[in-house]
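Let's take a friendly tour of a protein model together.

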Amino acid sequence: MRSRPLPTLSLADIEAAAQRLHGIALRTPLLRSEALDAALGCRLLVKAEPLQRTGSFKFRGAYNAIAQTAAQAVVAFSSGNHAQGVALAARLLGKAATIVMPADAPAAKLDGTRGLGATVVTYDRWREDREAIGRRIAAETGADLIRPYDDVRIMAGQGTIGLEIAAQAAELGLVPEIVVVCASGGGLMAGVATALTARAPGVALYTAEPAGFDDHARSLAAGVRLANAPGGRSICDALLSPQPGELTFPINRALVRGGVVADDREVGTAMRAAFRHLKLVVEPGGAVALAALLAGRLELRDRTVVAVASGGNVDAALYARILTES
């Protein structure tokens, strides 16, 4: 018996998402620094999604998904950025939202989600299954489960970043040659890769992950989904998914060249560089792409390179500590 084919993502899905998000999501800027260009020997453009509504790219996919559901309530599981995106999108669309979040999520993300009107249900990320909790709530309430990445609607919303990168680079007279995207479940990468493969043919796409959570880098090299070893730790709380998504990985395997990794020290360096040279607040998980580039993981000389800074929701105390480290 043949299994049902997995749903996939098209450029048309992303273009439709762009129409839904027009006037709702922000067209975040591509930032450039002469100092960073000189340090890397390339033309570096940083896509500033910390300036997006709720402080991360997650609002794009959340709004696109919730705008298409007939349910009057939604439920999601998230370490924080998807949580806030779903919470705001649900409020804007007049729907109730329940978010399953780890009890140790940054206080800024927990407070931000509650402040947007969502009900927060906390869990122990090391002992409990957030997906099982989300499925149970959805079954009990009739809510639509809005997954953080394994949903074509979510991937299409995130893919609008790829459309913007291509258009904004063209406005600068540039064509993206290398694009590096932070990866957890792979939804952002799948959307961006689908859009840029169509709009910037020949672009080399890479995922970026924290050390110890390099499931995409290893999976892309092996051609099959591989999981991370349990018990890993990283300051990049937004990028701790156990393995690439079931729906996202086939897309990324076909379109993405490989993966790069940065450790916590390198992430801190990137956060300080973004603050100093771009005047941009970037959370640890949002800084991994820039961190990998600054650490020399790819050959960039004389290329036009884009790093997606995916979010800026960082606790003040952690951010202050990282900024004062050397």
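This is a predicted model: local features need pLDDT of at least 70, side-chain atom pairs count only at pLDDT 80 or more; totals for chains, interfaces and linings use all residues.

Residues are numbered from 1 along each chain as its sequence is written, and side-chain values use heavy atoms, with hydrogens and water left out.

**Open spaces**

On a 1 Å grid over the protein atoms alone, a pocket is an open set of points with protein on both sides within 12 Å along at least five of seven lines, a cavity is a set where a 1.4 Å probe fits but cannot get out, and lining residues have an atom within 4 Å of a point. A volume is the space filled by probe spheres set on the points.

The largest pocket has a volume of about 780 Å³. Its lining counts 43 residues, and those nearest the centre are Arg-125, Arg-130, Leu-240, Ser-241 and Pro-242. At least two lining residues come from each of H4, helix H6 (130–141), helix H7 (152–171) and helix H8 (187–199), with H8 giving the largest share, three residues. Here helices are DSSP runs (H or I, at least four residues) and strands are runs of E (at least two), numbered from the N terminus.

The second largest pocket holds about 230 Å³ of space. It is lined by 16 residues, and Asp-104, Pro-106, Ser-234, Ile-235 and Asp-237 are the closest to its centre.

There is also one cavity of 30 Å³ or more. Around it sit Val-46, Val-282, Gly-286, Ala-287, Leu-290, Ala-307, Val-308 and Ala-309. Strand S10 (residues 304–309) supplies the largest share of this lining, three residues.

The table sorts each lining by class: Ala, Val, Leu, Ile, Met, Phe, Trp, Tyr, Cys and Pro count as nonpolar, Asp, Glu, Lys and Arg as charged, and the others, Gly among them, as polar.

| Space | Volume | Lining by class |
|---|---|---|
| Largest pocket | about 780 Å³ | 19 nonpolar, 16 polar, eight charged residues |
| Second largest pocket | about 230 Å³ | eight nonpolar, three polar, five charged residues |
| Largest cavity | about 30 Å³ | seven nonpolar, one polar, no charged residues |

**Packed helices**

Two packed helices are described by the angle between their axes and the distance between the axes. Axes are lines fitted to C-alpha atoms over the stretch in contact, and angles run from 0 to 180 degrees between N-to-C directions. Angles under 35 degrees count as roughly parallel, over 145 as roughly antiparallel, 65 to 115 as roughly perpendicular and the rest as oblique.

At what angle do the axes of helix H1 (residues 11–21) and H7 cross? They cross at roughly 80° and come within 8 Å. That makes H1 roughly perpendicular to H7. In their contact (heavy atoms within 4.5 Å), H1 takes part with residues including Leu-11 and Leu-21, and H7 with residues including Val-152 and Leu-163.

Helix H3 (residues 58–66) and helix H4 (residues 81–92) have axes that come within 8 Å and cross at roughly 45°. H3 and H4 are therefore oblique too. By class, their contact has nine nonpolar, three polar and one charged residues.
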